[in-house]
Amino acid sequence: MKARIVALILALGLLTVTGCQSAAAPAASSSGGTSAAETVEYEEVTLYVPNSTADGLEEKTVQVEKTDAPVEELVQALVGEGALPAGSEVKKWSSDEADPPVLKLDLNAAFAGGILNQGTAGETLILASLVNTIWAYYEPAELTLTAEGDPVVTGHNIYDTPFTSPMTLG
């Protein structure tokens with residue numbers, strides 16, 4: 001009888017220890033690999049953000065998550081730096097297979113509304129931050145920007161043709 005009780009206690013103890021170990025083990029993803037938190041990689045990128053006097057751009061090196069859609073990470077990094085209007089997001093983007101690539105970037109209504117509410121200098125800084133950051137990363141042949149599928153329209157300009165080089169200020 002004592003042997004059965006001891007065996008039962010040992011068996012319960014073993015199940016408890018095994019259960020604790022599996023609960024502490026890293027979660028597996030549905031694809032059978034390790035969790036995304038374990039495999040997140042970052043890359044160093046250069047952002048072009050407005051300088052302290054808002055009359056030009058300065059380079060800022062940051063770490064962003066390495067993903068299949070780095071343009072989304074670049075846009076979010078620019079939003080985080082205050083270079084793009086709050087709430088700006090990529091709705092859709094595409095890149096052809098050419099070398100250098102032709103890029104098309106469609107942003108959301110928050111971007112369109114935020115740029116519309118700027119003066120000429122603010123509008124120019126927002127666009128230059130976005131265009132020059134994307135240009136530094138991708139080095140495209142051209143970049144077409146749209147907002148909600150339409151050309152970017154501001155109080156001062158309609159951007160309905162592709163950018164074919166980084167923007168210069170001044």
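**Note on salt bridges and the sheet**

1. Searching the whole structure turns up two salt bridges, a salt bridge being a side-chain nitrogen of Lys or Arg within 4 Å of a carboxyl oxygen of Asp or Glu. The model is predicted, so local features need pLDDT of at least 70 and side-chain atom pairs count only at pLDDT 80 or more, while totals for chains, interfaces and linings use all residues. Residues are numbered from 1 along each chain as its sequence is written, and side-chain values use heavy atoms, with hydrogens and water left out.

2. K60 belongs to strand β2 (residues 57–65) and E81 to the loop between α3 (70–80) and β3 (90–95), so that the pair, 21 residues apart, links distant parts of the chain; helices (H or I, at least four residues) and strands (E, at least two) are DSSP runs, numbered from the N terminus.

3. K91 forms a salt bridge with E148, with 2.8 Å between the closest N and O atoms. This pair also links distant parts of the chain, 57 residues apart, with K91 in strand β3 and E148 in the loop between β5 (142–147) and β6 (150–153). K91 is partly exposed at 47% relative accessible area, and E148 is partly exposed at 39%, where buried means under 20%, exposed over 50% and partly exposed in between (1.4 Å probe, protein chains only).

4. Five strands make an open sheet in the order β3-β4-β5-β6-β7, with mixed pairing; two strands pair if DSSP finds at least two bridges between them. The edge strands, β3 and β7 (158–159), each pair on one side only.
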